Amino acid sequence: MSAPLRVLIADDELLARKRLSRLLAALPDTEVCGEAADADAVLAAVRAGGVDVVLLDIHMPGLSGLDALALLPESGPRVILCTAHAEHAVQAFEHGAVDYVLKPVEPARLQKALERARSRGPGTTPAGGTAKAATSAPRSLGRLPIPTRQGIVLVAPETISHASLEDELVTVFTTQGDFLTDFTLNELVEKLPSEHFHRVHRRALLNLTHVARLEPLDTGGYLARTLRGHAVEVSRQSARELRRMLGLRRGVEDEG
């Protein structure tokens, strides 16, 4: 039988702390080891030791939850952000959060987050542990966090076939499904591996490993067909680059 997961609840709202406490009491192999109403109390509790997981709110008096997350020791507890604000997800994961749960927190979603935290292995802080500097390098999961109404979807880059901009909104197309995101195409270009992902149009980013065929267009570009059957337009300039990359014979439009 595994040892109970010791959870610290950190939220400046008493009702929110009580709700999380009730949800945790109904879960097996989980116990509440303390509560904190601000980031300073979180850091003090972690230094005292005996904390495996922190359920951490973002908006609190003084230091924010993200500030506290950045100050936690590298060997410290695993952190699950519990917040009503989806826009901080990327920053949270870059700082090493295990999961990002949107309020109102549902029992099944909380249990899934705790299971993910448990699977990450030991993270209990020893008594007298010291906090790391906020300037230390962020920890990365190597996956792209995309906030959705159902929670944060962690997408492995290799599952992404393409991303497209339509009516000012970017959609990321993956083998798991298609997700609207607040990321711009430029931001996705920076976050995804450049050896596979290419900006093939001002409104499209394409993973070449998901391309089934390239259909020539009268414009000199291509219509890229993905393995899932989507069509992605490739501009004339990008088509030239693709031909060079793929070792294809140059077209008339490549001359001069």
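Is methionine 245 buried, partly exposed or exposed, and what is its relative accessibility? At 45% relative accessibility, methionine 245 counts as partly exposed, where buried means under 20% relative accessible area, exposed over 50% and partly exposed in between (1.4 Å probe, protein chains only). This is a predicted model, in which local features need pLDDT of at least 70 and side-chain atom pairs count only at pLDDT 80 or more, while totals for chains, interfaces and linings use all residues. Residues are numbered from 1 along each chain as its sequence is written, and side-chain values use heavy atoms, with hydrogens and water left out.

**Surface patch**
- Methionine 245 lies in helix α7, which covers residues 236-246; helices are DSSP runs (H or I, at least four residues) numbered from the N terminus.
- Met245, Leu246 and Leu248 together form a nonpolar surface patch with about 280 Å² of accessible area, a patch being made of residues with over 30% relative accessible area and no salt bridge, with nonpolar side chains joined within 5 Å.

**Aromatic pair**
- The structure holds 1 aromatic pair, counted when ring centres lie within 6.5 Å.
- Phenylalanine 93 and tyrosine 100 form this pair, which is tilted, at 6.5 Å centre to centre and 35 degrees between the planes; planes under 30 degrees apart count as stacked, over 60 as edge-to-face and the rest as tilted.
- Phenylalanine 93 is buried at 5% relative accessible area, and tyrosine 100 is buried at 0%.

**Cysteines**
- The count comes to 0 disulfides, a disulfide being a pair of cysteine sulfur atoms within 2.5 Å.
- Cysteine 33 is partly exposed at 34% relative accessibility, whereas cysteine 82 is buried at 2%.

Key:
Patches are made of residues with over 30% relative accessible area and no salt bridge: like charges are joined within 9 Å, nonpolar side chains (Val, Leu, Ile, Met, Phe, Trp, Tyr) within 5 Å. Accessible areas come from the Shrake-Rupley method with a 1.4 Å probe; for residues, only the protein chains shown count as cover. A salt bridge is a side-chain nitrogen of Lys or Arg within 4 Å of a carboxyl oxygen of Asp or Glu. Helices (H or I, at least four residues) and strands (E, at least two) are DSSP runs, numbered from the N terminus. Rings of Phe, Tyr and Trp (its six-membered ring) pair if their centres lie within 6.5 Å; planes under 30 degrees apart count as stacked, over 60 as edge-to-face and the rest as tilted.
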